[in-house]
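Hi there,

Here is the structure I promised to pass on. Have a look at it first, and my notes follow below.

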Amino acid sequence: MTQTITPAPIRKSVRVKAAPARAFEIFTAGASRWWLKSFSISLTKSPIKDVIFEPRAGGRWFERGEDGSECSWGQVLAWEPPARLLLAWQINHEFKYDPALMTEVEVRFTPDGGGTLVELEHRHIERMGQGATAMRGRFEQGWGALIGSFAQHAS
């Protein structure tokens, strides 16, 4: 009998002082300010300049380099400001865009007193195949650093 081990989703959360609408705006339209420049898919081609979420379901999620080149990361599956964002992460274990791969990153923005509870979940990592376990560890660290950077910019 063959048993499949499914990596647990990555879950990160942070409370920010901004209202949900503002937190959503900073997370999406302001991503170029808080996304760590070292977390680039095409860093070897051109340093990252912008992180872009096209503001609609079916929109692209990508980075633009300083030289104007673009590297797709995935797509926007749900755009529900100010409460929810659902993204397809389509970067494989070799950190290359793969349109056949689809893991999901969901971000929820919940009112919390005078601010917002921001909860991020990266799930379906098992779809990455043999690289899933190693990638889960990298995602755990990466999303931790990114959500921390976002919190600094949103508070």
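Axes are lines fitted to C-alpha atoms, for helices over the stretch in contact, with angles from 0 to 180 degrees between N-to-C directions, and contact means heavy atoms within 4.5 Å.

A word on the source: this is a predicted model, where local features need pLDDT of at least 70, side-chain atom pairs count only at pLDDT 80 or more, and totals for chains, interfaces and linings use all residues. Residues are numbered from 1 along each chain as its sequence is written, and side-chain values use heavy atoms, with hydrogens and water left out.

Now the sheet. Its seven strands form an open sheet in the order β1-β7-β6-β5-β4-β3-β2, with antiparallel pairing (two strands pair if DSSP finds at least two bridges between them). β1 (10–16) and β2 (48–53) are at the edges with a single partner strand each, so one side of each has no neighbour in the sheet. β6 (residues 103–112) and β7 (residues 115–123) pair over nine bridges, and arginine 108 sits opposite glutamate 119 in β7.

Leaving aside neighbours within four places in sequence, tryptophan 143 contacts Trp35, Trp61 and Trp89, among others.

Best wishes

Notes
Helix = DSSP H or I, 4+ residues; strand = E, 2+ residues; numbered from the N terminus.
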